[in-house]
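This report describes a pair of protein chains and the place where they meet. Keep the sequence and the 3D view open while reading.

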Amino acid sequence: MAFDALIEASEEALLVLYANGDSAAARALTLRLTPMALRVATRMLGDGSEAEDVAQEAMLRLWRVAPEWRQGEAKVSTWLYRVVSNLATDRLRKRRGVSLEEAAEPEDGKPAVVDLMIDADRAEALQVALASLPDRQRQAVVLRHLEGLTNPEIAQVMEIGVEAVESLTARGKRALTTMLAGRREELGYDHG
Amino acid sequence: MTMGDKDKTHDPLEVFFGAARAATPEPSPALLARVLADADAAMQRHRQTGPHAAVARVPRRGGLAALLAVLGGWRTVGGLVTATLAGLWIGFAGSDRLSDVAAGYLGGGAVEVLGTVDLLPGDDVFALAMGTEG
């Protein structure tokens, strides 16, 4: 298939082409979907190396499922969001044994939230705060506020109702607000 | 400014979300290469282990197609139809006319022979079979 056509093709069409042996479709899907898988995994896990593993594993599952893909039943991106989120959640559960209170604290040698704020590295401060949220809240907040999905889309990814999504994101944001703004003076929150 | 934009400016978390969105991690060339290698390997496996054409949604089978599948296809159904019609004909025409049909197929002499065949062996044959004679 021509390169232009591949750029414009839907993810589902590309997956069907891949399943029929089209290597160019595999490249197009890789370039289109791997960044998204890595983004979500990184924001869920807060660890680049683990996130790469999860992104690769999620893409591998996509390649494997391609021949049996049922057209029209689910969006490829929705399916991939779900697989990445579930793989990341599995890894988070394996890390357990650490209480939420302990998880909220930065590990020794890592910069505290206050330092990150002084460095104006809000993205990393958010990542630290996200890490202390319960898995489902974190997943909902990441998909809503960092990936920009709508609540119905998130409901599909998480296989729950829209109201449950709203509840998860609201609770997650309340907790984040408390963590990030609770010491606003100390953190220099008002200065930028 | 839309309502959503206004909401965002009042959301104290938005500066953090915005910063995080701007700091998007990009996949390394090594990761992309591994993903592509997986794609190629999976494609090879599809070729070796089964139909690798993408399976579109399988249409539901109609009632006749389902019945045919259960009975074993058109060939089996053809035999069943023939046997059923033959039974019906015998039932209507009666067994007397069977000899006429047999004569038509086998000739008149054959029908007479059929009528005299002893289907139950006599004592001598039975004794021979049991090894008691002589």
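## Chain B

Chain B contains eight helices and zero strands. Written in order along the sequence, the pattern of chain B is α-α-α-α-α-α-α-α. The model is a predicted one, and the values in this report are computed from it.

Chain B has 134 residues, and 14% of them count as buried. The accessible surface of chain B is about 10100 Å². Carbon and sulfur atoms account for 64% of that surface.

## Area of the interface

The size of an interface is often given as the accessible area lost when the parts come together. For chain A and chain B, the buried area is about 3500 Å². Of this area, 66% lies on carbon and sulfur atoms. Three residues, Glu52(A), Gln56(A) and Pro67(A), provide 15% of the area that chain A buries against chain B, more than any other three residues.

How many residues does each chain bring to the contact? Chain A brings 41 residues and chain B brings 35 residues.

## Polar contacts and the salt bridge

Between chain A and chain B, 10 residue pairs are in polar contact, with both residues of a pair at pLDDT 80 or more. The count of salt bridges between the two chains is one. In a salt bridge, the side chain of Arg34(B) meets that of Glu52(A), with an N to O distance of 3.0 Å. Because the cut-off for a salt bridge is 4 Å, this pair at 3.0 Å qualifies. Glu52(A) was also named above, as one of the three residues that supply 15% of the area buried by chain A against chain B.

## The side of chain A that touches chain B

Which helices of chain A supply at least two residues each to the side that touches chain B? They are helix H2 (11-19), helix H3 (23-45), helix H4 (48-65), helix H8 (122-131), helix H9 (135-146) and H11. The largest share, 11 residues, is that of H3(A). Sorted by type, the residues on this side of chain A are 21 nonpolar, 10 polar and 10 charged.

## A residue in a loop of chain A

Glu159(A) lies in the loop that joins helix H10 (151-158) to helix H11 (162-181) in chain A. The phi angle of Glu159(A) is near 55 degrees, which is a positive value in a residue other than glycine.

Is Glu159(A) buried or exposed? Glu159(A) counts as exposed because its relative accessibility is 59%, and the cut-off for exposed is over 50%.

Technical notes: Residues are numbered from 1 along each chain as its sequence is written. Chains are lettered from A and ligands numbered from 1 in the order in which they are written. This is a predicted model: local features need pLDDT of at least 70, side-chain atom pairs count only at pLDDT 80 or more; totals for chains, interfaces and linings use all residues. Side-chain values use heavy atoms; hydrogens and water are left out. Helices (H or I, at least four residues) and strands (E, at least two) are DSSP runs, numbered from the N terminus. Buried means under 20% relative accessible area, exposed over 50%, partly exposed in between (1.4 Å probe, protein chains only). Contact means heavy atoms within 4.5 Å. Buried area is the accessible area (1.4 Å probe) that two parts lose on being put together, summed over both. A polar contact is a pair of N or O atoms within 3.5 Å; within protein, one must be able to donate a hydrogen and the other to accept it, and residues adjacent in sequence count only if both atoms are side-chain atoms. Ala, Val, Leu, Ile, Met, Phe, Trp, Tyr, Cys and Pro count as nonpolar, Asp, Glu, Lys and Arg as charged, and the others, Gly among them, as polar. Accessible areas come from the Shrake-Rupley method with a 1.4 Å probe; for residues, only the protein chains shown count as cover.
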